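Please read the numbered points with the sequence and the model in view.

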Amino acid sequence: MDITVEELKRRLDEGEDLHFYDVREEHEYEEDNLGATLIPLGELPDHLDELEPLKGEEIIIHCRSGARSGKAAKFLESQGFSNVRNVLGGILAYRELED
């Protein structure tokens, strides 16, 4: 299931407490981030234990354009996570929305 950048921005602006993850690389995150917790895509399998308590919760994942976060969402779903949402267009679309 996906989430639009418009919905994400509204929820962030309202200060909603989200389980929000960024699956880009550390250097990308340092250049620009939306305040999500960084777990690079390649390291996601190593973080399953800490994510385990969120299996039934909504998890929102983003990357640069939506491709890596789409892979991350599929991976988490394959591990039994039932409410994973990929940010369509990623941080690029989010920043365009702000312009």
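1. A nonpolar core, as the term is used here, is a set of buried Ala, Val, Leu, Ile, Met, Phe, Trp, Tyr and Cys residues joined through side-chain atoms within 4.5 Å. The model under discussion is a predicted one. Its largest nonpolar core has 15 residues, of which L51, I61, L76 and F81 touch the most other members. At least two residues of this core come from each of α3 (48-51), β4 and α4. The greatest contribution is that of α4, with three residues. A second, separate core has 11 residues, including F20, L34, V87 and Y94.

2. The sheet may be taken next. Five strands form an open sheet with parallel pairing, in the order β1-β5-β4-β2-β3. Its edge strands are β1 and β3 (37-38), each of which pairs on one side only. Two bridges join β1 to β5, and I3 has V87 as its bridge partner in β5.

3. Strand β4 (residues 59-62) deserves a separate point. On one side, β4 pairs in parallel with strand β2 (residues 20-22) over three bridges, F20 having I60 as its bridge partner. Three bridges also join β4 to strand β5 (residues 84-87), again in the parallel sense; here the partner of I61 is N86. Together with helix α4 (residues 67-78), β4 and β5 make a right-handed β-α-β unit.

4. Which way do the side chains of β4 point, and are they buried or exposed? I59 and I61 point one way, I60 and H62 the other, and all are buried. Beyond its neighbours within four places in sequence, I61 is in contact with Y21, V23, S69, A72, A73, L76, V84, R85, N86 and V87.

5. Helix α1 (residues 5-13) has V5, L8 and R11 as its buried residues. Viewed down the axis of α1, these fall within an arc of 130 degrees, so they line one face of the helix. The buried residues of α1 pack against β1 (2-3), β2, β4, β5 and α5 (90-98). After α1 comes G15, whose phi is positive, near 75 degrees.

6. The charged residues form 12 salt bridges. One of them joins E7 to R85, with the closest N and O atoms 3.3 Å apart. Because E7 lies in helix α1 and R85 in strand β5, this pair ties together parts that are 78 residues apart in sequence. E7 counts as partly exposed, at 23% relative accessibility, whereas R85 is buried, with a relative accessible area of 11%.

7. R85 also forms a salt bridge with E58, the closest N and O atoms being 3.0 Å apart. This pair links distant parts of the chain, with R85 in strand β5 and E58 in the loop between α3 and β4, 27 residues apart. Both R85 and E58 are buried.

8. D22 and R24 are both buried.

Note on methods. Residues numbered from 1 in each chain as written. Predicted model: local features only at pLDDT ≥ 70, side-chain atom pairs only at ≥ 80, totals over all residues. Heavy atoms only, no water. Buried < 20%, exposed > 50% of the residue type's maximum accessible area, 1.4 Å probe, protein only. Helix = DSSP H or I, 4+ residues; strand = E, 2+ residues; numbered from the N terminus. Pairing = 2+ DSSP bridges. Right-handed = clockwise from strand over helix to strand, strands pointing away. Arc of directions from axis to C-beta. Contact = heavy atoms within 4.5 Å. Salt bridge = Lys/Arg side-chain N within 4 Å of Asp/Glu carboxyl O.
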